[in-house]
Amino acid sequence: MENKNNNNYTWDIEKMIENDIQFEELSKEIISLTKNIKDMENHILDNANTLTDYLKTSEKLYRKLELVYTYANMICDTDSLNNDYQKLKLKAEKLYDEVNEKLSFVKTEILSNNLEYINTLLQTSNYLSDYKLSFEKLFRYQKYTLSDKEEALLSKVCNALNSGSEAFYNLNNADIKLGFIKDETGKKVELTASNYIKYVSSKNRRVRKNAFKVLYQFYYNHKNTITALLKSKIKENNILCDIRGFNSPLEQSLYQDNIKLDVYTSLIKTVKDNLDTMYDYMEERKKALNLKKIHMYDIYTDLANMESKEIPYEEAKNIIIQALSPLGEDYLNIIKKAFDQRWIDVYPKKGKKSGAYSWGCYDSYPYLLTNYENDLDSLSTLAHELGHSVHSYYSKNNQIYEYANYPIFLAEIASTVNEILLNEYLYQNATDKNEKILYLSEFLDKVRATIYRQTMFAEFEMIMHQKEKEGIPLTEKEFSDTYYNLNKLYYGKNVISDEEIRYEWMRIPHFYTSFYVYKYATGLSCAIYIAYEILKGNQEVKENYIKFLKSGSNGYPLDILKLVGIDLTTGEVVADALKVFKDKLYELKKLI
């Protein structure tokens, strides 16, 4: 049995910053470097030497700032109830805000020149020429940039406006108390954000129904608070977009990645054109579970007639290495580093941030936080987050600091390629019919949750921002009615949209990182194509996929995707992914 208190199951976070003394030393260096750049004001672009000096000093500053900020947030995520960690996080956030406020002049100073002049400076050395794309991306914002004074003021305002997101974080992590339910044996257990999926996917309908109702009772009890928090975020987005001169917050969000609005809207259209397959899946689920009526709390349990399989963490590591072997030895060696070098904080504990993520910076490991529960969902989540970390590892080891962070638009591809390869490995190596049903069910539900459900979230975000812009009061009822009607549309008349699902929007943290969720849907659609081409033995796609992972942000996202033969300007890739969904559903029907 695994000893969960063993250091091997926690981050080796001291590799980032050893202690508070080093934290303070780095903070002082950051303040000093900030002053150095501030002294360059009005002289950054005097000549090639001054520009080189600025870029080198800026890299030193932001590498240290990212290290401090990331460390403080990550250590707080391991125990959000620890007062010392909270103070450290606040210090890092304050420092981050101060740096951005003091250096807000940089962007406007650069954009007050013209790109042609800067390009002449960039041609004077190999070092400067590496920044050509970076300046090109920056100058796309020239027409949306305000004066120095206005940018400095707006930076301060944005720092204050972020308090709503912080309040939701605290409510949804540190302050969350869901209550108790009875498990399958009748034992009273505490329901938490970490174990909710375990109980809502229980084979015992009483357990999953109870978990569902207890969870949403918490959000119902806080509905007015959460309404105010999300409303303030939407108002903030609309105000900032008006100040900058964008037509909508959605357009502003897409602009950074040079993505046209029709990529977003065609995703919604393509998914809605294929809702009949979703309805068919829900009907098949109802039959497989032998239910007269299927409720929202019935859509998470797997369809196999077998006990939930326990998968200890050590076994999960071996399964993942086998499943990802089609990606090659170099890829697997990075996975082994993650396990051997303690990149992962594995198990849930009181005060630890719920869910899972991959995070780090240019000068650290690409760490992972998980809340491993010894089940299939935890195994899949681990493979998912490892995909992010390997992507980060490849990027930072093949790109200069300026391009090391891959764009968020591409972030969900590597993670879901891993999930698909894992699922296919488990399916192909299943020993009986019920196991095959289990893994087919898992794949189908992945598509349901990621392409269909995240697209529903994306449409909800778009609608609510438009309503606020039109002056429609964003009351709790307006939020909940809009969400409830979308839920009924996306799941169809064969599923009873329980009253509690009206409040699901209240628990989605990604709504505070606006217009992010659609990237899950496009990401999985791309990943389905990549994974199955690699499994077919397409060596070219495999090699180009590794090139894709190494590309970081050294290009616009849609151009980087072309490395693996994907064009997202049409709905074709999404439609093809839903065709795979339909084919897998047909396989499931045959087995059942």
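Q: Why is Lys589 called partly exposed?

A: In this predicted model, Lys589 has a relative accessibility of 33%; the label covers the range between the buried limit, under 20%, and the exposed limit, over 50%, and therefore Lys589 counts as partly exposed.

Q: What makes the contact of Lys589 with Asp280 a salt bridge?

A: The closest N and O atoms of Lys589 and Asp280 are 2.8 Å apart, and a salt bridge asks for a side-chain nitrogen of Lys or Arg within 4 Å of a carboxyl oxygen of Asp or Glu, so the pair qualifies. The two residues lie in distant parts of the chain, Lys589 in helix α25 (residues 572-591) and Asp280 in helix α15 (residues 275-288), 309 residues apart. Asp280, at 31% relative accessibility, counts as partly exposed.

Q: What are the labels of Glu504 and Arg453, and how are the two residues joined?

A: Glu504 has a relative accessible area of 2% and Arg453 has 14%; because buried means under 20%, Glu504 is buried and Arg453 counts as buried. Their side chains meet in a salt bridge at 2.6 Å, N to O. The pair links distant parts of the chain, since Glu504 is in the loop between β7 (495-496) and α22 (518-535), whereas Arg453 is in helix α20 (residues 433-469), 51 residues apart. Elsewhere, salt bridges with shared partners join Lys477, Asp481, Glu499 and Arg502 into one network, and the structure holds 33 salt bridges.

Q: Why can Val157 belong to a patch on the surface?

A: Val157, in helix α8 (residues 148-161), is partly exposed with a relative accessible area of 37%, and patch residues need over 30%, so Val157 passes that cut-off. Together with Leu153 and Leu161, Val157 forms a nonpolar patch with about 240 Å² of accessible area.

Q: What makes β4 and β5 edge strands?

A: The open sheet of three strands has the order β4-β6-β5, with mixed pairing. Both β4 (344-345) and β5 (357-359) have a single partner strand, so one side of each is left without a neighbour in the sheet. As for β4 and strand β6 (residues 367-369), they pair in the parallel sense over two bridges, and at least two are needed for a pairing; Leu368 in β6 is the bridge partner of Ile344.

Q: How do you know whether the radius of gyration agrees with that of a compact globule?

A: For 592 residues, a compact globule would have a radius of gyration near 25 Å, and the protein has 24 Å, so the value agrees with that of such a globule. The protein has 25 helices and seven strands, and 55% of its residues count as buried.

Terms used: Residues are numbered from 1 along each chain as its sequence is written. This is a predicted model: local features need pLDDT of at least 70, side-chain atom pairs count only at pLDDT 80 or more; totals for chains, interfaces and linings use all residues. Side-chain values use heavy atoms; hydrogens and water are left out. Patches are made of residues with over 30% relative accessible area and no salt bridge: like charges are joined within 9 Å, nonpolar side chains (Val, Leu, Ile, Met, Phe, Trp, Tyr) within 5 Å. Accessible areas come from the Shrake-Rupley method with a 1.4 Å probe; for residues, only the protein chains shown count as cover. Helices (H or I, at least four residues) and strands (E, at least two) are DSSP runs, numbered from the N terminus. Buried means under 20% relative accessible area, exposed over 50%, partly exposed in between (1.4 Å probe, protein chains only). The radius of gyration is taken over C-alpha atoms; the globule rule is 2.2 Å times the number of residues to the power 0.38.
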